[in-house]
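Reader: I am new to this structure and should like to learn how to read its features one by one. May we look at it together?

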Amino acid sequence: MDGVSPVLRSFSEQLTAETFIDDGVETVTSLASVANKADESVSDCFKITFSLPTLLRDQHYQYLKKGLRHLSDAYECLDASRPWLCFWILHSLELLEEPVPATVASDVCQFLARCQSPTGGFAGGPGQYAHLAPTYAAVNALCIIGTEEAYSVIDREKLLDFLWSLKQPDGSFMMHVGGEVDVRSAYCAASVASLTNILTPKLFEDTTNWILRCQNWEGGLSGVPGLEAHGGYTFCGTAALVILGNEHMLDLKALLRWVVSRQMRFEGGFQGRCNKLVDGCYSFWQAGVLPLLHRALFKEGESELSRNQWMFEQKALQEYILLCCQNPTGGLLDKPGKSRDFYHTCYCLSGLAVAQHFGNLDHHQEIILGKEENRLAPTHPVYNICPEKVAGALEHFLKLPIPDDSRHVGGFTGIKPPAAAAAPPLP
Ligand SMILES: [Zn+2]
């Protein structure tokens, strides 16, 4: 038992009392919990740990490096999400502080240029229709690369036209022309517009009100008004409001209560919705809301805020990710028994970074579970790329004029320019 940290939560005798209890009411999820033996396999992972939790850096690096050049047949179903694969892999590598060779970065730029639609925005692959999700992924990937070549790929005027083509009269956005509306699109639009300096008040007229309608009685946000609160949508809606400078208009205390209640008492990781199973990717979608909330409550003058930790169990989340979500040959996953993939690798590592770093560039405190080598680079809580990459993109694009959107219809609402683009101030 050499090297076992006395503070490891998973060795606590009382922890088994925190496993999932269905109160005698069977649901699809409680049956799945039994069928998957989710709790049992998590406890197995906790039990077989005889040393400090270790991030399998080299294994993850090899897995990611290979994925940038070659994907197995299993990824055929993601043919319409290819910029996402670029983002997931590049962001994972920057968190691991593994540089990408210049030639590889240039190849990625050229590939993403081929995904850009002649009518603006990026598609899931060359020759496909533009869509907001791969547009977000492509812009983030290009900002991570952060070279002149990368920035110059983005046609900002046409990107603005594309965003206008998706805007709805009620303030929401479609994901693609003729496509569905949900709060992901508001975030993707606000994220790419603020990073590339094409955000105009007219473009986001009424968007704040539409997002606010997605916060429901639970406290979290749903995909569209009136549905169940969900971790991914909650992050998207909250981060979009931060970009628009209007997060204070949410019921922040209700949101805080909902999101902290999603951290699982036994596993330490987060679930996506009430009564669902733990999943590694919510390490970012849920825990990533806490830095946004901390900043929002600080701006509201909340006096009880901690100056050295977020309002969730940061070490418990690190324990879940490091003990239960790593494939021994590289890559991270949803929960024990599931396969690795680049999506979960990106969002488990992003969540791990949130759990390791408190504060921002000015006020920063690290809480690293295990060895110092487990430390990842911090991630920007609004854009989920490293903070210096956000700064680099802003420095580049703020020098360029905002394209004229007077030809588009709409009125002026007086929304401030993207305040959130800078690192959020904290106590
Ligand atoms: Zn997941």
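Reader: Is N140 buried or exposed?

Author: Burial is judged by relative accessible area: under 20% is buried, over 50% is exposed, and the range in between is partly exposed, with a 1.4 Å probe and protein chains only. N140 has a relative accessible area of 0%, and therefore counts as buried. This is a predicted model, in which local features need pLDDT of at least 70 and side-chain atom pairs count only at pLDDT 80 or more, while totals for chains, interfaces and linings use all residues. Residues are numbered from 1 along each chain as its sequence is written, and side-chain values use heavy atoms, with hydrogens and water left out.

Reader: Where is N140 found, and which residues does N140 touch?

Author: Helices are DSSP runs of H or I with at least four residues, strands are runs of E with at least two, and both are numbered from the N terminus. N140 belongs to helix α6, residues 132-145. A contact means heavy atoms within 4.5 Å. When residues up to four places away in sequence are not counted, N140 touches F87, S191, L195, Y383 and I385. F87 in turn is in contact with N140, and also with A137, A141 and I144, among others, leaving aside neighbours within four places in sequence.

Reader: How many residues of α6 are buried, and how does the helix length compare with what is expected?

Author: The expected span of a helix is 1.5 Å times one less than its number of residues. α6, with 14 residues, reaches 20 Å from its first C-alpha to its last, close to the 20 Å expected. Because 14 of the 14 residues are buried, α6 is largely enclosed by the rest of the structure. Just after α6, G146 takes a positive phi of about 65°.

Reader: What is meant by a nonpolar core, and which residues touch the most other members of the largest one?

Author: In soluble globular proteins, nonpolar side chains tend to be buried together. A nonpolar core is a set of buried Ala, Val, Leu, Ile, Met, Phe, Trp, Tyr and Cys residues joined through side-chain atoms within 4.5 Å. The largest nonpolar core here has 132 residues, of which F87, L132, L163, F204, F312 and Y347 touch the most other members. α6 supplies the largest share of this core, eleven residues.

Reader: Which residues of α8 are buried, and what do they pack against?

Author: In helix α8, residues 156-166, the buried residues are R156, L159, L160, F162, L163, W164 and L166. They pack against α6, α9 (183-195) and α17 (387-397). L160 has 1% relative accessibility and so counts as buried. Its contacts, not counting residues up to four places away in sequence, are I198, L203, P403 and D405. At the start of α8, a side-chain oxygen of D155 comes to within 3.4 Å of the backbone nitrogen of E157.

Reader: How many residues of α11 are buried, and what covers them?

Author: Twelve of the 13 residues of α11 are buried, and the helix is mostly covered. The cover includes α9, α10, α12, α13 and α14. The end C-alpha atoms of α11 (residues 231-243) are 18 Å apart, which agrees with the 18 Å that its 13 residues should span. G245 follows α11 and has a positive phi, near 75°.

Reader: Which residues other than glycine have a positive phi?

Author: Two cases may be named. E97, with a phi of about 55°, is in the loop between α4 (82-95) and α5 (102-115). N197, with a phi near 60°, is in the loop between α9 and α10 (207-212). N197 is buried, with a relative accessible area of 9%.

Note on methods. Polar contact = N/O pair within 3.5 Å; in protein donor to acceptor, adjacent residues only side chain to side chain.
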